[in-house]
Amino acid sequence: MSRADLTTAVADGVPGAPRRALWTFGILRSELTTTLRRGRTLVLLGVLAAVPVLVGVAVRIETGDGSSAGPDGPHGPAFLAQVAGNGLFLVFAALSATLPVFLPMAVGVVAGDSVAGEAGGGTLRYLLVAPAGRARLLLAKYAAVLAFCLVATLVVAVSALAVGALLFPVGEVTTISGTRIGLGEGLLRAGLIAVAVAVSLTGFAALGLFVSTLTNSGIAAMAATVGVLITVQILDTMPQLDAIHPYLFPHYWLSFADLLRDPLYWDGIVSDLGLQAVYVAVFGSAAWARFTAKDITA
Amino acid sequence: MRDTAARAVAAEPARRPERGPVIETRGLTKRYRGGQVAVDGLDLGVPDGSVFGFLGPNGSGKTTTIRMLLGLIDPTAGSVRVLGRPMPAAARAVLPHVGALIEGPAAYGFLSGRDNLLRYDRADPSADPRTRGARVDDALDRVGLAAAAGKKARAYSLGMKQRLGLAAALLRPRRLLVLDEPTNGLDPQGMREIRALVRELAAEGTTVFLSSHLLDEIEQVCTHAAVMARGRLLVQGPVADLAARARGRLAVTTPDPEHAVRILEEHGLTGLLADGDRVSADAPPGDVEPADLSAALVHGGVRVRSFGVERASLEDAFLALTGEGFDVAG
Ligand SMILES: Nc1ncnc2c1ncn2[C@@H]1O[C@H](COP(=O)(O)OP(=O)(O)OP(=O)(O)O)[C@@H](O)[C@H]1O
Ligand SMILES: [Mg+2]
């Protein structure tokens, strides 16, 4: 920019006349890249990518040379028994293994830190005087957390697919209903399941965002969010609390397995999506109400 | 930093006719949760084009005021107008014209200095993405950080972080700069550079509102000043007027101090102090000609080595106003 440009810009800088539309995607892109460039995010994704490798190698060692060993009993996570026979099942097994704790924990860390971490670091005040706009910034933050949900799920799925294809034969898929579908259709189902898993994390992500608006300490927000996750997971296993189970956000998480039925069985998925929508609405509004009215003193 | 002269000359046409105050507060009050009143009934007026020094001891409410000016916290009572528009209601329209450094710089340690500025600029929806790169480089250049632009911010020293914070405030041409202790952490050379930068920006027509603990800094760069203590505004106005309020000191150096004290007392001077061969007193009122006092001393047989009236500094004015000086108020 030349000196003259600067000068004119100073001269006709009149408040009330922003030069461009209020919404630009700059802040969204900035949120995404900033989130994904953090060392911590990369470590989380690395750990998630390692899970299928561990599971795959363990199964491979147990079944010797990788010949399709039959199901070895009713133990272990879902789909594990089928992995040796068809590497594609490693995708389902890895998602089943990471969905209860690892995946949401990673989401909880990113969501919990999203606002509180910036407040603690002091960067929040500079974003707000930029001015990012509180609602706009919160929305961009939530969008980035959602993107992380999808990326994290895909990292697990893709890592599992690669490891599965490397260590085991890959071919036609036997659905839970007992029918057989082709490999292409099986891959499609795997993709669908990955998306379903990512979407089922959205409610918890909104909860994490809300928690993040409550404190100026990123660590405290992350710990609280993950603490809520573990507590709710425990409550979900207590038969005495049967009555509240349908309202707990992880309750329908494992219903993604229904996408491996033939024909597709949607009831569980629909219940899950409905529940997540309620959580997003409730905690999204709470986060908005809190953040737009909050004194930024850090 | 670049050559000041060329910039100042080029910027001269940017001078505008006088407008209303750039910052105007009415009865501005902030009571934090927990009951502490940090700012109490503040009526502040910052004239357009001024370099306004905001002075006060630690905990007197400077940063709290600045947070309210920028819409980061809501006042408990009273109102704020910045660039003629109410804050925080008009934040979206006002803040693009305001650059700010609030309670020290803050940066993303895992991003380079340049990427930090890009992120702050992207946060502003009214900033032009096409000129973004050029503006960021220009800002880095202005604060003398161009060479370290690619370094991760976590590897910056305090002074470098401070410069980065200033660069963020300069990402766009601003009508108002709000700088909370801008020279904090800078070396003497850095302080001088920042002062030069402030003068340069003021010459371009930017109003600068800066808080500081360093009185001589305020005296050197500011045209106007306000003094806060315990959340209340003690005084505001042009720096020259403020300094004039505190009377200077008359100082005499002589081998006959007792004798000199007696004669000065006879002439009605107050606040007499003798310290070795130095005698000082409150400066005489305007209608007393210092030369007459000097003659009286000599006439009375006092051998005078030196005689003079020392001008009051802003520090004297400050001490006179706050009484207790620079102590933190509970
Ligand atoms: N977030 C907060 N919650 C409660 N009280 C606060 C908060 N921030 C500041 N205070 C109190 O408000 C008063 C004014 O603080 P402020 O930070 O505005 O002072 P300051 O003039 O900027 O001081 P300094 O020169 O040290 O920066 C102090 O008494 C402080 O204890
Ligand atoms: Mg302060």
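Figure 1. A polar backbone atom of B:G61 lies 3.0 Å from an oxygen atom of the ligand, and a polar side-chain atom of B:Q36 is 3.0 Å from an oxygen atom of ligand 1. Taken alone, ligand 1 exposes 630 Å², of which the protein buries 71% (Shrake-Rupley method, 1.4 Å probe). Side-chain values use heavy atoms, without hydrogens and water, and side-chain atom pairs count only at pLDDT 80 or more, local features at pLDDT of at least 70. Residues are numbered from 1 along each chain as its sequence is written, with chains lettered from A and ligands numbered from 1 in the order in which they are written.

**Figure 2. Shell around ligand 1 and helix α2(B).** Ligand 1 lies between chains A and B and is surrounded by 14 residues (a heavy atom within 4 Å), the closest being B:N58, B:G59, B:K62, B:T63 and B:T64. Helix α2(B) gives the most to this shell, three residues (helices are DSSP runs of H or I, at least four residues). Eight of the eight residues of α2(B), 62–69, are buried (under 20% relative accessible area, 1.4 Å probe, protein chains only). B:G71, which follows α2(B), has a positive phi near 75 degrees.

**Figure 3. Residues 1–22 of chain A.** Here pLDDT, the predictor's confidence in each residue from 0 to 100, stays under 50. The model has 41 contacts beyond four places in sequence for residues 1–22 of chain A (heavy atoms within 4.5 Å). Where pLDDT is low, the predicted coordinates should not be read in detail.

Terms used
Buried < 20%, exposed > 50% of the residue type's maximum accessible area, 1.4 Å probe, protein only. Helix = DSSP H or I, 4+ residues; strand = E, 2+ residues; numbered from the N terminus. Polar contact = N/O pair within 3.5 Å; in protein donor to acceptor, adjacent residues only side chain to side chain.
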